[in-house]
Amino acid sequence: MDTLDPTAFEALERAAQNPVAYAQQWKDRTGRKVIGSFPMNFPSELVHATGALPVIVQESRTTITEGRSLLPEFYCSYTRSVADQAAVGELDVFDAFVLVDHCVQLLGAADVIRWAKPETPMHFAQFISSMDDPWSRGQVEDKIGAMRREVEEITGVTITPEALTASIRAFNENRRLLREFFELRRTGRLHIPASRLQALVKSSMVMDIEEHTGLLRQLLDHLDPQSPAPDHLVRLHLSGHFCAPPRPELLDLLEECDVVVVNDDLYHGSRYISTDVPDGVDPFSALAGWYLERNISAPCGTRVQRNVDWQAYLIDNLDETGAEGVITLMAKFCEPLMLYYPELRKALNTREIPELLIETEHEGLAAESLRTTVETFVERIRRQRARQLTPA
């Protein structure tokens, strides 16, 4: 059982569960603008430095209705949900949209937003996906400059180096505090369900960052030391899910099968908080450095870098955390992960590391069938563990 302070956690969970409602309340309270961005690499510090609220647009839990006729069914759940939210008016709180990551499906969702909200500005600033070419940094810095001008025009506020430096420090501190929770989980000093840890990260994507940081400090101040998780629990690493968070009930189901999640590389997890923006240098150049560095901190299948290997990163991480297996959570029709997954699976199989693929969808969770699959996977790991402990 985790010991999170209920008052602070409930505020974070409300924002995670209903980001649009939080953004509207913030807008009504402050009278300032709300700018929506999309996963996974937009530097929210740029928006924050103007006094506006940066919000990463989330997949809605509501059933997709109008959106079904606007995008093909073979688009991923995140993009179909975004299209649906635009069509039914759930995105009306946003004064503008910005994006730096372009998969074909996200471009389709962006087109639906422009059709549904033609009066709302949308700025495309595609970051280069080749990370280590001689021109990569210059290209990213040019895009940062273009986004700076666009955000200034949208908000009517000039982004000064001093304001951006302050925003960078605010976001760095927030990431640092979130990493404390992940470290406590890895070392067994905090028994926090994966679904609750996800709520901490997801809420940071949508809340005023200073407010969020204050609530994180409140949580940390009320934590009590805990003993390590029982030995019978199987230690697992969760991988995948780039744009949208796995359903909380799916995460809870996994842990009901005698599993303890010790680490992950999910976007709504350690991937999002993996990298700080360099401090003490030109802040606009620092944002470019952050973008290039984070693919080293948490390699991604959507980026190309000769000296970075996601498979090696994952295996090294398993060695550090003592995870006994990997569950890959793949959003249905997520092309980047579908294309990269065979390489990951091959690397894990070569090392005889148990791995299970779970494909997720927007609606529905075949709970009992999935429970049986996970319990079988856990038993497989236990048998492997027993063989390794038995003398030859």
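Predicted model: local features only at pLDDT ≥ 70, side-chain atom pairs only at ≥ 80, totals over all residues.
**Entry 1: the largest pocket**

I looked up the volume of the largest pocket, and the value is about 630 Å³. I then asked how many residues line the largest pocket. I got 31, and those lying nearest the centre are Arg-61, Pro-245, Pro-246, Arg-247 and Pro-248. Which element supplies the largest share of this lining? I found that H8 does, with five residues. I also sorted the lining of the largest pocket by residue type: 14 are nonpolar, eight polar and nine charged.

**Entry 2: the largest cavity**

My search came to five cavities of 30 Å³ or more. The largest cavity holds about 110 Å³ of space. I noted 13 residues in the lining of the largest cavity, with Asn-41, Arg-271, Arg-294, Ala-298 and Cys-300 nearest its centre. Helix H11 (267-271) and helix H12 (283-297) are the elements that give two or more residues to that lining. Of these, H12 has the largest share, with three residues. By type, I wrote down six nonpolar, four polar and three charged residues for the largest cavity.

**Entry 3: cysteines**

How many disulfides are there in the whole structure? My search found zero. I kept in mind that a disulfide is a covalent bond between the sulfur atoms of two cysteines, and I used a cut-off of 2.5 Å between the sulfur atoms.

Is Cys-300 buried or exposed? I found 10% relative accessibility for Cys-300, so it counts as buried.

**Entry 4: strand E1 and its neighbours**

I followed strand E1 (residues 34-37) residue by residue. Val-34 and Gly-36 point one way, Ile-35 and Ser-37 point the other way, and all are buried. I then looked for the partners of E1. E1 pairs with strand E2 (residues 53-56) in the parallel sense, over four bridges. In that pairing I found Ile-35 opposite Pro-54 of E2. E1 is also joined to strand E3 (residues 96-99) by three bridges, and these two run parallel as well. Here I noted Phe-97 of E3 as the bridge partner of Gly-36.

**Entry 5: helix H4**

I tested helix H4 (residues 77-88) for its span. With 12 residues at 1.5 Å a residue, H4 should span 16 Å, and because its end C-alpha atoms are 16 Å apart, the two values agree. How many of the residues of H4 are buried? I counted 10 of 12, so I wrote H4 down as mostly covered, taking buried as under 20% relative accessible area. The buried residues include Arg-80, Asp-84 and Gln-85, along with Tyr-78 and Val-82.

I finished with the backbone angles. Most residues other than glycine have a negative phi, and most peptide bonds are trans.

Which peptide bond is cis, with omega near 5 degrees? I found it from Pro-39 to Met-40. Met-40 sits in the loop between E1 and helix H3 (45-48).

I also noted two residues with positive phi. His-241 has a phi of about 40 degrees although it is not a glycine, and I located His-241 in the loop between strand E5 (234-240) and H10. With 5% relative accessibility, His-241 counts as buried.

Glu-352, again not a glycine, has a positive phi near 55 degrees. I placed Glu-352 in the loop between helix H14 (335-350) and E8. Is Glu-352 buried or exposed? I found a relative accessible area of 62%, so Glu-352 is exposed.

Key. Residues numbered from 1 in each chain as written. Heavy atoms only, no water. 1 Å grid on protein atoms, 1.4 Å probe; cavity = no way out; pocket = protein on both sides within 12 Å on 5 of 7 lines; lining within 4 Å. Points joined across faces, edges and corners; volume = space filled by probe spheres on them. Nonpolar A, V, L, I, M, F, W, Y, C, P; charged D, E, K, R; others polar. Buried < 20%, exposed > 50% of the residue type's maximum accessible area, 1.4 Å probe, protein only. Pairing = 2+ DSSP bridges. Expected span 1.5 Å × (residues − 1).
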